[in-house]
Every structure is written in C-alpha cells, then in structure tokens.
Amino acid sequence: MSQRVIASTAKKARKLSAEEIAEIEHEMTLYPDKKAVGLEALKIVQKSQGWVSDESLLGIAKYLDIPVADLEGVATFFNLVYREPVGKNVILFCDSVSCWIMGCESVKGHIKQQLDIDYGQTTEDGDFTLIPVPCLGDCDRAPVMMVGPDLHRNLTPEKIDSIISDYKNKQG
Amino acid sequence: MAKIVIDGVEYEVNPDNNLLQECLSQGLDLPYFCWHPSMGSVGACRQCAVKQYRDEDDKEGMLVMACMTPASDGAIISLEDEQAKSFRSDVIESLMISHPHDCPVCEEGGECHLQDMTQMSGHNYRRYDKKKRTHRNQYLGPFINHEMNRCITCYRCVRYYDDYAGGTDLSAQASHHHVYFGRHEEGVLESEFSGNLVEVCPTGVFTDKAFSQHYSRKWDLQTAPSVCVGCSVGCNTAPGERYGTLRRIVNRYNSEVNGYFLCDRGRFGFDYVNSRERLLEPVKRVDNTGELLADDEIKAVIKEFSREGTIGIGSPRASNESNFALKTMVGDENFFAGYSDSESESMAAVLTLASDKAFHSPSVRKIEEADAVLILGEDVTNVAPRIALALRQSVRNKAMDLASESRIPQWQDAAVRELAQHERSPLSILSPAVSRLDDIAADRVIESLPALVAMGHQIANKISGSAPAATSPEHDAVAEKIAAQLKGAKRPLIVAGSSNGSELIKAAANIARALHEDGEDAAIDLCLLVPEVNSIGMGLMAAEENSLGVALDKLSSGAAKRVIVLENDLYRRAAKSQVDSALDKAEKVLVLDQVTTATTAKADVILPVTAFSEHEATYINYEGRAQLSFQVHQCQKMAQPAWRWISDAAHIDDLVERCCSEAPGFAKLRDVLPGENPFIAGMKVPRQSHRYSGRTAMIANVNVHEPKQMEDKESIMSFSMEGISAQKDPSIMASPWAPKWNSNQSISKFQDEVNGELKQGHVGSLLFEKTASGSYFDVPAVAAQPSGKQLHLALSYQIFGSDELSARAEPIRERMTDAYVGICPEDAQSRGLAQGDVATITPTGAPVVVCIRTGVKPGTALLYCGDANISPAEFTGLLEIEKSAAQATSRGISSLIVSDFQEEEI
Ligand code: SF4
Ligand code: SF4
Ligand code: FES
C-alpha cells in the first residue's frame with residue numbers, strides 16, 4: 001500500500017509486461033532511490049511500446065510508487081520521451097548551426113515535401129515521424145539526421161529519396 | 001551579530017542569514033522572486049543581484065545573488081551600483097518576455113509581486129515585440145484558477161506545494177521556454193493547502209476562483225484583522241468585503257500561529273455568510289410559520305427567559321462574550337456545555353492537563369521545532385489542518401541538523417534537501433487508518449482504538465517505569481523504538497485530541513508525563529486538539545458536571561422549563577431522540593443562530609446572530625491562546641452579536657472586562673483588547689484603504705445622495721478610508737501595504753526581522769496558568785469487544801465537511817462527500833458490500849456510503865458523519881453495518897482523496 005496518492009484520475013493504468021518489469025527491476029538495483037529509476041523506466045517502456053501513453057505513465061508511477069505528476073515532469077522534460085504515438089521510424093533531423101551552414105534547410109524542405117509532414121507530425125501511413133534535434137555530434141559531416149537507430153551523413157535531397165525508400169522497403 | 005556595509009552604511013546583521021533576507025530585515029528594497037521567507041533560497045530567478053566588494057580597496061566588485069550569499073561579517077555590498085541595477089532590470093525584462101501584460105484583467109493586479117518588482121527594478125518599457133509563447137490552462141477544481149501564460153518560472157509554486165506542503169499532484173513540466181506548472185492532467189488539486197498558491201505565486205497564474213465570481217481589487221475591499229473560525233487552531237485572516245458581501249479571505253501573518261499559510265477550509269469556507277440560509281430577522285413561531293417580532297416583543301421574550309426555570313446551552317463556535325453573556329443571564333448553575341457528552345469528558349481532561357506544570361501546549365511555530373513526534377489516534381490533517389502543515393516542517397529538523405554539521409546554511413534550500421535525501425526527524429503515527437501524513441512518518445501503526453490506547457500506555461511505561469503498565473504484545477518492538485526516539489529527542493512532541501474520546505488524551509498525557517519525569521522536569525510539548533474555534537473558551541465557562549446530557553434530561557423531565565440555545569445545532573451533539581424529547585417537552589425554546597438548522601426548526605423564538613466577519617469577538621484556540629477578531633463589515637439586516645440580544649452590555653470591552661474578573665481562567669483575556677495608542681489625535685483606524693474607490697458612487701443606482709459614512713461607535717476601527725492608517729500599528733493591520741510594496745510580500749516591512757514578530761504586534765494572550773502537578777492516569781479497563789457482525793468504531797473527520805458552517809460554503813460543498821463508513825476489503829467482503837454501495841448503520845439505521853479502503857484496520861469501521869444529520873453521539877464504541885437496497889447519491893464518495901482507496905486491479 002502506498003503512503004501517498006499516486007494519481008487521482010479516471011484513467012486506468014496499463015499493467016507492465018513481465019519483460020518491462022524485469023528490466024525495471026534490474027535498474028532498481030543500480031539506484032538507491034526508486035524515484036531515480038523513473039527515466040530509465042520510461043525508456044524501457046518506450047522501447048517496448050514505441051511511446052509512453054497516459055496509461056503506461058500511470059503503470060510506471062504505480063509500479064515505482066512515485067506520484068504520476070513527478071514522472072510526467074521527467075517525461076516531458078526530455079523531448080525524446082514520446083508522449084504521443086510516433087511512426088515506425090522516427091527521423092531526428094538536426095537543424096543546428098553546423099547543419100544550417102551546410103544547407104540543411106533544403107534537405108528539410110525535401111523531406112517535408114516527400115513525406116508531406118512538418119516537424120512533430122507523422123505520415124498518414126504511420127511510417128515516419130519528423131522531429132528536430134539540436135546537434136547529433138557529427139558536425140564535420142553535416143547535414144546529418146538519424147532514422148531510428150541509424151545515423152545518416154552528408155545529406156542531400158537525392159540521398160533523402162533513397163533513404164526513405166530503403167526504410168519503406170525494409171518494412172516490406 | 002555581524003557588521004556589514006550596504007551602500008556605505010553599516011548594519012548589524014545575523015550572519016546565519018543571507019544578504020537578501022538581511023536587506024529586507026533592515027527595511028531596504030531589493031527585488032526578488034524565487035526566495036520566499038518560509039522556503040529559503042534556491043537562486044533560480046537571478047533577480048536579487050547586488051554588487052559585492054572584496055574589501056574597501058576593491059572598486060570593481062562582482063555581482064552576486066543576495067539570496068545565495070551569507071551575510072558574513074565584514075561584507076561590503078551595494079544595491080545601488082549601476083551594474084547591479086541594470087542587471088536586475090535586464091533579468092526582469094527577460095523573465096517577462098512572454099508575460100501577457102494583462103494586468104487590467106488579471107486578478108493579481110494591484111497586489112502583484114511581479115508588478116511591484118518590475119517597477120522597483122526599473123524595467124518600464126517593453127522592447128520585445130515578437131510572438132509570445134502561450135499555454136493551455138487546466139481545470140484545477142473549485143478553489144483555484146490557472147492562467148499559465150503569466151508564469152515567470154520562479155518555481156515557487158512547486159517548491160511550496162510539493163516541498164513545503166507535501167503535495168504530489170503539481171509539478172514542473174517540459175523544459176526551456178515552455179516550462180509548465182500544472183497537474184499531469186486536469187483535475188482537482190489534492191492538497192488541503194492548495195489555496196496558499198494564490199499568495200505564494202508572485203504573478204496571476206494561480207488565483208482565487210471563488211473570489212473571481214465576485215471580484216474586487218484589493219484596494220476596494222473593506223477589511224479588518226480577523227480570526228478563522230474553521231477549527232481550533234485560530235489562524236489569523238484578513239477577510240475582504242464589498243457591496244455588503246464577503247468576497248474572500250487571505251492570510252494574515254501571525255508569527256506564533258499561522259505564519260504565512262492557511263488551510264483550504266479556512267480560505268474557502270466562508271460564503272455561508274452571504275447565503276440564503278442566513279437568519280436575518282427576529283421571528284416567533286405562530287402556527288408553524290415565522291412572524292416578525294416587534295421590539296417590545298423581543299424585550300418581553302428576554303424578560304420571560306430571564307426568569308427562574310430557564311437553562312442556557314452554550315456553543316463552542318460562539319465567542320467568549322456571547323457564551324459569557326448567556327452564562328450571566330441564566331446563572332452559572334444553569335449554563336450547560338454545547339458539545340457532546342463524550343467531548344465534555346475529553347475537555348475535562350484537556351483543561352486539567354492545561355494547568356499541569358509537566359506540559360506545555362505548543363504554538364504552531366513551536367510544533368515546527370519538534371524533533372520527534374508521536375501522533376496518537378488523531379487525524380490532524382482533517383481536524384486541525386494547519387498543524388499538519390507544521391508537522392511536515394518538524395520532520396525537516398533532522399535535515400537542518402545535518403546541514404549544520406556540514407556547515408551548510410539552513411536557508412540553502414536545495415542544498416539542504418539534497419544533503420538530507422530521505423533523512424527525517426522521527427514522526428510516528430498510531431491510528432485506526434492511514435492518514436495524509438503517512439508519507440513523512442517513520443513508523444505507522446494501524447490498530448483499533450482500544451488497542452491504540454493500550455499501546456500509548458505501553459510507550460509511557462517504557463519511557464518511565466512509574467507510568468502504569470499496559471501491554472500490546474504485537475507492537476512491542478515499535479513501542480520500544482518510539483519510546484527511545486521520544487526519550488532521545490531534544491524537543492519531543494505528543495499530539496492527540498478529542499476526536500475519539502478521552503482515553504487517547506489520557507494515554508498521550510501519560511507518555512508526556514513519563515518524558516517529563518525522565519527529562520529532569522522540563523515541560524513536555526503536549527498538543528491536544530479540540531474541534532472548534534472556541535471549544536476551549538466554552539469549555540472553561542461550563543462547569544464540568546453541566547454536560548449537555550444533563551441539560552437535555554432537565555428539559556425532558558420538566559426540571560427546566562425554558563431553554564436558550566446559543567449558536568448551536570443540538571442534533572449534531574446528541575442523539576436525535578434525546579434532543580427531540582427535550583425540545584418537545586420544553587415550554588419555550590429560544591435559539592440564537594446565524595443559519596437555519598434542525599434546532600432552529602424547533603424554536604419558538606429565533607434571534608438572528610451576526611457571522612464572524614460581522615462582529616468583534618474573542619476566541620480561545622487549542623493552546624489557550626485568546627485572540628481578538630475585529631468586525632469587517634456590517635450585517636445588512638437585523639442580525640446582532642448574540643450577546644447584544646441577551647445582555648445589557650453596551651460594548652464588547654465591557655463583557656471582556658467582566659469575563660476577566662468573573663469567569664475563572666479568563667483573567668488575561670483583556671490583554672487582547674487594543675490599547676489606547678491607536679487613537680492618535682482621536683482618529684480611528686480605517687477599514688478601507690486610502691485608494692478605496694467609488695465611495696460616493698457605490699449606491700448611486702439606489703440614491704444619488706451620498707450617505708454619511710456608517711459610524712462605528714464601539715470599535716477602534718472605522719467604516720471609512722479616513723483616519724490613521726493601520727500601517728502605523730501592525731497589531732491592528734489586516735492587509736499590509738508599504739510604498740512600492742502592494743503585494744503580501746510587504747509584510748517584511750512590518751516584521752521586526754524576516755519571519756519575526758510584527759513590530760508592536762500582538763500574537764494573542766495565553767490564558768492558561770501552570771499551577772498544578774498532576775499524576776498518571778490509570779490504564780482503562782479492557783473495552784467491549786465486537787461480537788457477531790460488530791466492528792470497532794472510529795469517528796472520522798473531513799477537512800471539507802466536518803465543520804458545520806464552512807460545510808455550507810459553495811466551494812467547500814463541491815469538495816464534500818456523502819457520509820460514509822470506511823472498512824477494509826475483508827470486512828466488506830464478509831458483509832457482501834462493494835465499493836460505493838449504500839449501507840445502513842445500527843443503531844440509527846442511517847444510510848451511509850460504503851468506502852472500501854485497504855488502509856483501515858480489519859475489524860474497525862471509520863464513520864464519517866458528514867452533513868447527513870447523523871449525530872456521532874448516537875454511537876458508542878461498536879457499530880454494525882447492513883447492506884441496503886438504496887442507491888448512492890450522485891455526490892457519493894468520489895471526491896474523497898485518500899491513498900488507500902481500493903481500486904480494481906490493474
Ligand atoms: S506559476 Fe507562479 S509560482 Fe509557479 S513558477 Fe510560475 S510565476 Fe512562479
Ligand atoms: S487550520 Fe483551522 S483555523 Fe487555520 S485556516 Fe484551517 S480551519 Fe482555519
Ligand atoms: S531571489 Fe535571489 S535568485 Fe531568485
């Protein structure tokens with residue numbers, strides 16, 4: 001039984017899966033305080049679910065016995081914790097200084113045109129979500145972007161076309 | 001003491017403080033946002049920058065944050081330095097980039113710390129002309145509005161709500177320029193102290209929602225120093241009135257009692273004063289309808305009730321003066337207590353202990369100083385809410401000690417919290433169910449009430465062998481631990497109260513006495529809570545044997561013919577059958593009250609009584625502190641203070657004087673009356689601010705002639721804006737104001753130092769004299785055990801609902817639940833009860849909602865009587881619950897906020 005109110009809400013918590021729990025339990029052995037595991041738990045759930053729904057957020061808060069408001073503070077602080085559903089592939093597009101100097105604007109324009117989405121949006125078929133990031137640490141090969149776990153360098157509009165179709169084909 | 005130089009002038013300061021605090025203590029103006037006198041410094045806003053110089057030869061100096069720099073001996077600083085000034089004005093400019101500048105429609109306007117600081121730091125022209133970021137606001141319940149666009153990201157709200165008040169549902173979210181302060185989703189703010197956000201937030205993000213409904217600027221409110229009548233703590237308040245209605249209540253600083261904070265019952269529970277349920281005319285019953293009484297008829301009634309054969313029943317929610325007037329009218333032997341017989345027993349114990357040299361009844365501030373606390377059976381958050389907030393601060397004393405050891409100043413808030421992590425001074429809670437303080441408790445024992453009594457005695461006996469022994473074998477180890485913690489503490493504190501009879505009070509007293517013996521005779525802090533604003537005052541006046549039961553018997557048996565009931569609904573105090581038979585038998589019943597009740601329905605004559613804001617009065621709080629509450633506004637109709645109907649006293653001062661000399665225990669009551677000094681050159685203290693607007697036009701829709709200002713012949717205050725402003729005498733100051741300081745932060749101009757007493761101020765007068773040396777109470781005989789389907793009974797209280805008058809206020813009603821029984825899942829299952837079912841309780845057969853809670857002791861039922869006309873006095877010790885076919889109301893128990901509400905499995 002908790003000693004505090006975790007959340008007063010009409011929503012129901014999602015029961016975490018056995019795998020999620022196992023991973024969270026492992027993290028708990030690494031920190032002295034359950035509250036500190038919050039961020040790792042969010043990442044674990046996002047890995048398995050693709051994003052963190054309100055129900056998942058509640059599930060984690062209850063499992064860790066921390067107020068859901070605190071966990072939401074953590075979740076919303078990091079823009080790579082997704083609190084909305086995202087596409088199968090998340091494009092993290094760098095539009096910081098080096099990439100800008102190297103002409104990322106036209107690359108970005110091309111992506112937007114090809115996928116018909118703007119920052120923060122997901123394609124209708126659910127394949128791609130486009131999100132800006134400030135610097136991926138690979139400035140000497142700017143412009144760069146990540147798609148899922150892969151880094152793509154020295155981008156040009158032409159390269160974009162092949163990258164997009166590669167990912168589409170990969171999914172079959 | 002240390003010496004520092006500020007802009008060439010030498011000041012004596014306390015080196016344990018920071019520079020900002022010392023500048024303010026010295027009366028200087030230095031802008032700040034994130035610092036708050038009760039919460040220390042985090043250095044987040046960068047608004048308090050000053051120039052500090054290494055020594056006299058240093059002409060360059062460097063910018064430091066005053067709130068993050070100790071006021072160490074020899075420090076040389078400048079507030080006036082050009083670089084410091086321009087830094088401060090740049091900081092505020094950037095803080096305000098996205099601020100909407102909507103002061104004309106903002107409810108903070110006119111008492112806004114942001115307005116004041118903007119003016120003070122000289123950012124008076126807006127250069128930014130780009131798009132501003134905007135936020136979506138949330139619904140936060142009936143108390144608080146949310147307007148996030150006004151936020152300047154000072155973090156005070158979450159530091160107050162989470163860190164100070166222990167709330168869990170308000171957090172800082174997102175990052176950089178869209179940092180957001182709100183709940184994880186829309187919904188009622190859960191903390192019982194959420195209203196303080198209105199005063200803590202330096203801008204108009206969190207404002208008073210009930211006030212919005214009939215808003216007025218601060219300077220247009222008529223106000224006076226008042227005392228909250230919500231419970232026995234007696235927090236100091238400043239109610240504001242306009243156009244004849246009470247508009248809002250804000251905190252009024254009292255260094256010993258409430259400091260800077262109120263609870264939500266006190267802040268939002270007043271609008272019964274404006275309600276249609278108010279009694280406003282003297283009436284007599286004629287064939288079951290009310291008929292207006294003429295003046296001579298009233299005189300005749302009073303004469304009739306002055307005759308032999310009349311008894312008077314006092315009231316714990318009425319002033320000392322009204323109780324005293326009634327007592328004088330009917331005679332000492334005919335004046336009876338106006339609370340339940342169980343409470344009479346408790347009060348007898350409380351008053352005996354009050355004069356005992358072994359104990360000290362701690363003020364709220366002293367409660368914050370405790371370094372080991374035991375709460376025995378009392379639900380502090382729901383009975384005396386402000387004290388729960390103080391207990392939250394007490395557990396931080398461990399952190400303060402750790403900080404001192406590491407040479408970290410106590411005002412370094414973030415550092416001290418980081419250092420201490422979960423280290424807290426021990427607080428142990430022994431109760432029949434989980435409570436809202438559990439998250440800070442080191443030990444928590446959930447037991448039936450008789451078992452808690454036994455455990456209390458066991459702890460006492462472990463502290464000192466001379467205390468009578470009792471055993472509760474399952475809890476021996478915790479009892480041992482708690483005893484050791486209390487013994488080892490520098491300032492231990494025992495908290496109990498009258499919520500569930502006198503035995504818990506006696507057990508708590510034995511623990512304190514054992515500590516007293518053990519601790520070389522130092523008086524031990526024993527905080528005994530009673531339910532109502534003047535429970536103690538009335539308790540002192542009624543003879544111990546004159547309980548309510550005796551009064552009702554006298555009426556039923558015909559030994560008394562007439563009864564005067566003072567501001568009281570007897571149906572809340574005694575069993576219905578008992579009250580019915582007494583009032584039916586009585587030849588004549590005179591009721592004086594503010595609102596209609598079940599008792600006024602039985603009256604032959606009703607005399608209307610003014611509400612707390614409509615009269616001057618004194619009350620005595622749980623620690624025996626007498627306080628004076630001034631009249632704020634006039635009652636528009638015919639209500640009068642009760643004492644005025646029934647006594648010939650011309651003035652409350654006369655009654656106070658007589659009370660001092662005639663009523664035992666009240667000798668020091670006169671100390672609370674204002675002295676002569678406010679009458680400077682014969683002028684009174686205005687209740688209206690010097691900016692009060694529209695005075696000549698306010699009633700122009702009725703009459704274009706400007707009426708003469710209403711005179712107040714009795715008080716030292718006037719219903720006017722003329723006179724000697726209260727700013728000259730903080731002892732009668734309702735709302736602080738100083739040049740450049742329009743917000744409540746101006747209070748620092750009136751404190752002898754930050755967080756200190758008000759200059760010339762008055763913290764009330766402590767009435768109890770320590771004259772007696774008592775002895776241990778005996779361990780009670782084993783209580784009746786439940787048989788068959790019975791459960792142990794524990795009365796339960798709710799901050800929103802248990803207090804009779806505030807439960808009639810609209811915002812409070814929105815937070816109330818129906819009457820319920822709280823039982824554990826096993827007890828529910830064995831009775832075939834599900835969450836939200838309706839059940840009936842014996843002996844009364846009253847319907848209550850079933851509330852299944854995992855944190856209730858199996859075999860115990862919590863009973864919350866609410867506003868359902870169930871008198872707690874109907875029940876003794878044991879209870880039976882039967883499933884009923886009735887449907888729950890739409891209100892039900894959905895707004896109950898507890899941590900152990902049983903939910904479906906996830
Ligand atoms: S909401 Fe108010 S208190 Fe909270 S950070 Fe914003 S301005 Fe400060
Ligand atoms: S704690 Fe009691 S006296 Fe203080 S504000 Fe709340 S109800 Fe009023
Ligand atoms: S008040 Fe000093 S930094 Fe905010």
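**Figure 1. The shell around ligand 1.** The residues of the shell around ligand 1 divide into ten nonpolar, two polar and one charged, where Ala, Val, Leu, Ile, Met, Phe, Trp, Tyr, Cys and Pro count as nonpolar, Asp, Glu, Lys and Arg as charged, and the others, Gly among them, as polar. Of these 13 residues, Cys151(B), Cys154(B), Tyr155(B), Cys157(B) and Cys201(B) come nearest to the ligand; a residue is near a molecule if one of its heavy atoms lies within 4 Å of it. The model is predicted, so that local features need pLDDT of at least 70 and side-chain atom pairs count only at pLDDT 80 or more, while totals for chains, interfaces and linings use all residues. Residues are numbered from 1 along each chain as its sequence is written, chains are lettered from A and ligands numbered from 1 in the order in which they are written, and side-chain values use heavy atoms, with hydrogens and water left out.

**Figure 2. The shell around ligand 2.** Ligand 2 is surrounded by residues of chain B, including Cys228(B), Cys231(B), Cys235(B), Cys263(B), Arg265(B) and Arg386(B). Helix H7 (264–268) and helix H13 (385–394) of chain B are the elements that give two or more residues to this shell; helices (H or I, at least four residues) and strands (E, at least two) are DSSP runs, numbered from the N terminus. By class, the shell around ligand 2 holds seven nonpolar, three polar and two charged residues.

**Figure 3. The interface of chain B and chain A.** Chain B brings 29 residues to the contact and chain A brings 23 residues, contact meaning heavy atoms within 4.5 Å. About 2,100 Å² is buried between the two chains, 50% of it on carbon and sulfur atoms; buried area is the accessible area (1.4 Å probe) that two parts lose on being put together, summed over both. The rule finds one salt bridge across this interface, a salt bridge being a side-chain nitrogen of Lys or Arg within 4 Å of a carboxyl oxygen of Asp or Glu. The side chains of Lys11(A) and Glu185(B) meet in a salt bridge at 2.9 Å, N to O. On the side of chain B that touches chain A, strand E7 (residues 171–173) of chain B gives the most, with three residues, and the classes on that side are seven nonpolar, ten polar and twelve charged residues.

Figure 4. Most residues other than glycine have a negative phi, and most peptide bonds are trans.

**Figure 5. A salt bridge between distant parts of chain B.** In chain B, the side chains of Lys740(B) and Asp29(B) meet in a salt bridge at 3.1 Å, N to O. Lys740(B) sits in the loop between strand E30 (717–718) and strand E31 (765–766), whereas Asp29(B) sits in the loop between helix H1 (19–25) and strand E3 (49–53), and the two are 711 residues apart. A search of the whole structure finds 70 salt bridges over all chains.
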